[in-house]
Amino acid sequence: MSELFNVSANPHVRSKDTTQTIMRDVLIALAPAAIFGIYNFGLDALLRIVIGIVTCVAAEAIYQYFMHKKVTVGDLSAAVTGLLIAMNVPPTLNVGYEILGCLFGIIIVKQLFGGLGQNFMNPALAARCFLLIAFTSPMTTFMYDGVSSATPLAVLKPGAEPGEATSLLTLFIGSHSGVIGETSAICLIIGACYLLIRKVISIKIPATYIISFALLIFFFAPGHAFDAEYMLKEVCGGGLLLGAFFMATDYVTSPITPMGKIVFGIFLGFLTFIFRMFGGSAEGVSYAIIFSNCLVPLIEKYTVPKSFGKKKVKAAPAK
Amino acid sequence: MSKCTFKGGVHPYEGKELSMDKPIVELMPEGDMVYPLSQHIGAPAVPVVAKGDHVLAGQLIAEAGGFVSANIHASVSGTVKAIEPRTLATGGKCNSIVIENDGKYEEVEYVAKKFEDLSRDEIRDRIKAAGIVGMGGAGFPTNVKLTPKNPDEIDYIIVNGCECEPYITSDYRRLLQESDNVVMGLKIALSLFDHAKGIIAIEDNKPEAIKLLREKTENEDNIEVKVMKTKYPQGGERSLIYAATGRSINSSMLPADAGCIVHNVDTIFSIYLAVIEGKPLTKRIVTVTGDGVKNPGNFYVFLGMNYRQLLEAAGGPDGEPEKFISGGPMMGFAMYSLDVPVVKGSSSLLVFKEDIVSKIESSACIRCGRCGAGCPSHLLPAKLAKLASKKDEEGFTKFDGMECVECGSCSYVCPAKRPLTQQIKAMRRTIMANRRKK
């Protein structure tokens with residue numbers, strides 16, 4: 001035995017979970033919806049998923065290499081971003097546009113702000129919003145079974161031209177048009193359950209988000225107040241479930257405080273309701289989340305938990 | 001019955017199976033015995049022997065150096081060889097009395113008394129004389145704890161049998177093998193107060209101890225065995241009081257402010273020894289365990305004994321262990337040398353083949369919030385660590401950094417393996433030092 005032994009500050013044991021295992025769990029949880037996307041849209045979807053992941057991982061590695069930083073693609077966070085970007089574009093999107101979106105998300109939104117943990121917006125959603133603004137038409141034109149078709153959500157939008165309504169069951173299973181990863185409610189819920197069971201995400205944000213949105217729709221949807229079926233279709237259709245479980249819960253861009261998560265969720269529900277009901281497009285989840293991301297520091301400031309045994313509630317520290 | 005618990009906490013690998021079924025083995029010491037003068041919180045004890053003096057086992061060799069301080073007794077008979085600074089398990093040096101063991105174990109005469117014959121003051125005096133301190137590690141003098149400002153307001157005396165630190169089984173063995181005396185110790189402590197109730201708190205991973213103590217306290221009206229959920233740090237004083245009584249205290253309060261007094265199992269046992277048998281605190285149970293020792297076990301050892309002997313008693317090192325820890329893996333101290341004495345607060349020697357921590361690389365915080373969810377003080381460790389790295393004392397205090405109990409849960413759960421506890425602890429030390437200067 002050596003004369004002097006290793007010393008270190010306590011604790012001397014660590015949990016097995018790492019950033020990598022968490023990101024791996026997110027990838028596993030996204031798999032059912034992604035696989036359904038491939039089943040639903042065919043090789044177009046597969047191609048876009050592969051391109052999304054490869055571009056994001058490569059962009060991060062190359063950027064870090066040339067900036068003389070430690071290459072951290074092994075933590076799988078870039079892979080998660082890539083998969084999410086692919087799941088958030090139509091299967092018909094020009095591949096070049098998708099690559100551009102990936103570069104925007106990884107380089108500008110994530111790396112320029114300091115890399116993992118420092119970005120104030122969800123990189124995948126920032127990429128989606130970038131694409132929505134830059135390439136509005138290709139991002140909002142949907143083909144299904146070879147014919148151009150409106151998304152179920154577009155048909156539901158107040159004031160929309162009447163179209164063929166999609167049944168609730170179809171929405172639940174997911175065999176309809178939309179972006180690659182959002183269509184199947186059941187697959188998304190399976191993935192979400194996995195994340196909840198593995199304690200990767202807490203139910204707070206998705207629950208408050210979906211419930212507050214659903215209640216607002218139920219009571220205040222223009223022309224559809226107190227219409228339960230309409231409410232369920234709004235919840236299952238579009239990107240709400242994908243956004244609520246997989247993107248609003250992004251650690252980096254959601255509040256760290258327990259109370260903050262609830263405030264964040266309710267605010268998301270409110271914004272999504274406004275954007276979907278009164279906005280220019282049928283979809284509103286992406287913008288709602290991106291918008292709320294920017295409010296996270298403010299929300300956190302006012303939701304600092306009361307420390308254990310503290311007798312008086314102090315005013316939130318000004319910082 | 002529902003299990004008591006608190007909000008927060010983590011579930012590290014328990015590791016108790018290595019030593020929980022090993023009966024206590026008494027170890028006879030070899031070589032010089034070392035008695036550091038600070039084995040407790042508060043002023044160091046003052047030596048009452050000089051170099052060359054002959055002492056008996058159980059003889060007072062240093063007396064309390066203040067109100068919050070404790071007596072120290074020789075555990076063997078022999079000659080005082082030196083009074084000099086020696087290294088402690090915590091890494092620092094402390095003035096210590098070194099006694100050359102003559103191997104005869106001649107003891108002073110202990111005055112045994114009957115519980116019924118003792119007045120409250122006599123009980124307190126006997127506890128004080130015996131030099132009993134909190135043996136869970138904090139080392140707070142027991143007689144001071146048992147002499148609160150308002151004795152009428154003490155509602156509960158809680159025996160902390162949680163032993164929530166992984167691996168350690170010394171309290172568990174004490175509960176199993178000396179249950180009668182532990183119950184007696186609690187009865188003695190209860191007798192000091194008019195309407196205090198006794199609670200023996202045991203985590204649910206020790207069903208045998210729960211069953212046994214329930215049997216032993218069946219006919220005791222004012223003693224209850226409460227089952228705690230196995231979770232770290234269930235045995236932390238604040239978490240334990242909350243779980244057992246629903247009362248909460250913060251860093252600026254004493255348990256007595258919530259009407260509670262908390263004692264470790266071995267402390268309660270020592271109260272019995274001191275009050276009934278008249279014996280001072282000269283021995284304790286130490287668990288020697290971990291994957292780096294050949295035969296993990298629980299040992300009844302003489303205070304002042306060398307840690308090397310503990311390692312040998314457990315069959316010696318298995319291979320070339322990389323890490324030696326005094327105490328548990330969550331809050332214990334990593335030792336650079338085994339040439340240190342067993343003191344009143346030494347609960348275990350934990351030996352790891354592999355030093356996992358040294359191989360871990362920390363990465364960027366991903367703001368997952370697990371540190372906050374695991375914090376028993378309901379703080380935001382990631383935020384505090386950030387403030388600590390900026391040396392922002394004001395911000396650190398505003399975010400209640402001084403409420404941290406340094407349990408290590410945040411560092412344990414962090415998926416990015418950030419040294420949160422370390423950063424927060426360092427900042428707390430700085431702030432405490434600055435406060436003392438003022």
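Colleague: How many residues does the contact take from chain A and from chain B?

Modeller: It takes 35 residues from chain A and 55 residues from chain B, two residues being in contact if their C-beta atoms, placed from the backbone, lie within 7 Å. On the chain A side there are 16 nonpolar, 13 polar and 6 charged residues; Ala, Val, Leu, Ile, Met, Phe, Trp, Tyr, Cys and Pro count as nonpolar, Asp, Glu, Lys and Arg as charged, and the others, Gly among them, as polar. Bear in mind that this is a predicted model, where local features need pLDDT of at least 70, side-chain atom pairs count only at pLDDT 80 or more, and totals for chains, interfaces and linings use all residues. Residues are numbered from 1 along each chain as its sequence is written, with chains lettered from A and ligands numbered from 1 in the order in which they are written.

Colleague: How do I read two packed helices?

Modeller: You describe them by the angle between their axes and the distance between the axes. Here, helix H9 (residues 185-197) and helix H12 (residues 240-247) of chain A pack at about 15°, axes 10 Å apart. Helices are DSSP runs (H or I, at least four residues), numbered from the N terminus; axes are lines fitted to C-alpha atoms over the stretch in contact, and angles run from 0 to 180 degrees between N-to-C directions. So H9(A) is roughly parallel to H12(A), a label for angles under 35 degrees.

Colleague: Which residues of H12(A) make the contact?

Modeller: A:Leu241, A:Leu242 and A:Phe245, against A:Ala185, A:Leu188, A:Ile189, A:Ala192 and A:Leu195 of H9(A). By class, that contact has 8 nonpolar, no polar and no charged residues.

How values were computed
Helix = DSSP H or I, 4+ residues; strand = E, 2+ residues; numbered from the N terminus. Parallel < 35°, antiparallel > 145°, perpendicular 65-115°, else oblique.
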